[in-house]
Amino acid sequence: LRSNPNATFVATDIAPTCVEQLWEVVERERIGNFKERITAFVADSADLGQTHLFQGLNADVALIMFTLSAVSPEGQIAMLRNALAALRPGGVLCVRDHGLYDMVQLRIPPEQ
């Protein structure tokens, strides 16, 4: 946002606390007038019933980070569809998640 005056940022999280923390960082880091270029809202992106919240965001890039592995297979499909609904035509979807046998996954008991 600092280096690109035309950039906008959209963030969603299922936890209101995370959205609040984003605004705290904006204030703490004195990101200043960027509030009008940031949209943040609480949403369950793993729920197809909330697709209307994502449509029309016209994002250049969508990033799903460390969340796909935390939801059911049905929720994963919904999350991907909602992310795609947020993109402009030609937009890019990026995914970063835990890998098979990485340390985070190995710490989770098999019954989970």
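Predicted model: local features only at pLDDT ≥ 70, side-chain atom pairs only at ≥ 80, totals over all residues.

Colleague: Good. How many helices and strands does the protein chain have?

Modeller: There are 4 helices and 4 strands in the protein chain. Going along the sequence, they follow the pattern β-α-β-α-β-α-β-α.

Colleague: And what does the C-alpha trace span along its principal axes?

Modeller: About 45 × 30 × 25 Å. Of the 112 residues in the protein chain, 22% are buried.

Colleague: What's the lining like by class?

Modeller: It has 24 nonpolar residues, 8 polar ones and 3 charged ones.

Colleague: Let's switch to charges. How many salt bridges turn up in the whole structure?

Modeller: The search finds 2. In one of them, the side chains of aspartate 60 and arginine 88 meet, at 2.5 Å from N to O. Aspartate 60 sits in strand 3 and arginine 88 in strand 4, so this pair ties together parts that are 28 residues apart in sequence.

Colleague: Are those two buried, exposed or partly exposed?

Modeller: Aspartate 60 is partly exposed, with a relative accessible area of 47%. Arginine 88 is also partly exposed, at 31% relative accessibility.

Colleague: And which residue does arginine 28 pair with?

Modeller: Arginine 28 forms a salt bridge with glutamate 29, and their closest N and O atoms are 3.7 Å apart. Arginine 28 counts as exposed because its relative accessibility is 56%, and the cut-off for exposed is over 50%. Glutamate 29 has a relative accessible area of 40%, so it is partly exposed.

Colleague: New topic: where is arginine 37?

Modeller: Arginine 37 is in the loop between helix 1 and strand 2.

Colleague: Why does arginine 37 count as buried?

Modeller: Its relative accessibility is 14%, and buried means under 20%, so arginine 37 falls in that class.

Colleague: What about glutamate 36, buried or exposed?

Modeller: Glutamate 36 is exposed, with a relative accessible area of 60%. Its place is in the loop between helix 1 and strand 2 (38-42). From C-alpha to C-alpha, glutamate 36 is 27 Å from phenylalanine 66, and they are 30 residues apart in sequence.

Colleague: What is phi for phenylalanine 66?

Modeller: Phi of phenylalanine 66 is near 55 degrees, a positive value in a residue other than glycine. Most residues other than glycine have a negative phi. Phenylalanine 66 lies in the loop between strand 3 and helix 3, and at 35% relative accessibility it counts as partly exposed.

Colleague: And asparagine 58, what's its phi?

Modeller: Asparagine 58 has a positive phi as well, near 60 degrees. You'll find asparagine 58 in the loop between helix 2 (51-54) and strand 3.

Colleague: Now the surface. Which residues make the nonpolar patch of about 510 Å²?

Modeller: Leu100, Tyr101, Met103 and Leu106 make that patch. Leucine 100 lies in the loop between strand 4 (87-96) and helix 4 (103-107), and it is exposed, with a relative accessible area of 65%.

Colleague: Last one: where is proline 5?

Modeller: Proline 5 is in the segment before strand 1. At 62% relative accessibility, proline 5 counts as exposed. Proline 5 and leucine 53 are 25 Å apart, C-alpha to C-alpha, and 48 residues apart in sequence.

Colleague: Great, thanks for the tour!

Definitions and conventions. Residues numbered from 1 in each chain as written. Heavy atoms only, no water. Patch = residues over 30% accessible without salt bridge, like charges linked within 9 Å, V, L, I, M, F, W, Y side chains within 5 Å. Areas by Shrake-Rupley, 256 points an atom, 1.4 Å probe, with all protein chains shown as cover. Salt bridge = Lys/Arg side-chain N within 4 Å of Asp/Glu carboxyl O. Helix = DSSP H or I, 4+ residues; strand = E, 2+ residues; numbered from the N terminus. Buried < 20%, exposed > 50% of the residue type's maximum accessible area, 1.4 Å probe, protein only. Nonpolar A, V, L, I, M, F, W, Y, C, P; charged D, E, K, R; others polar.
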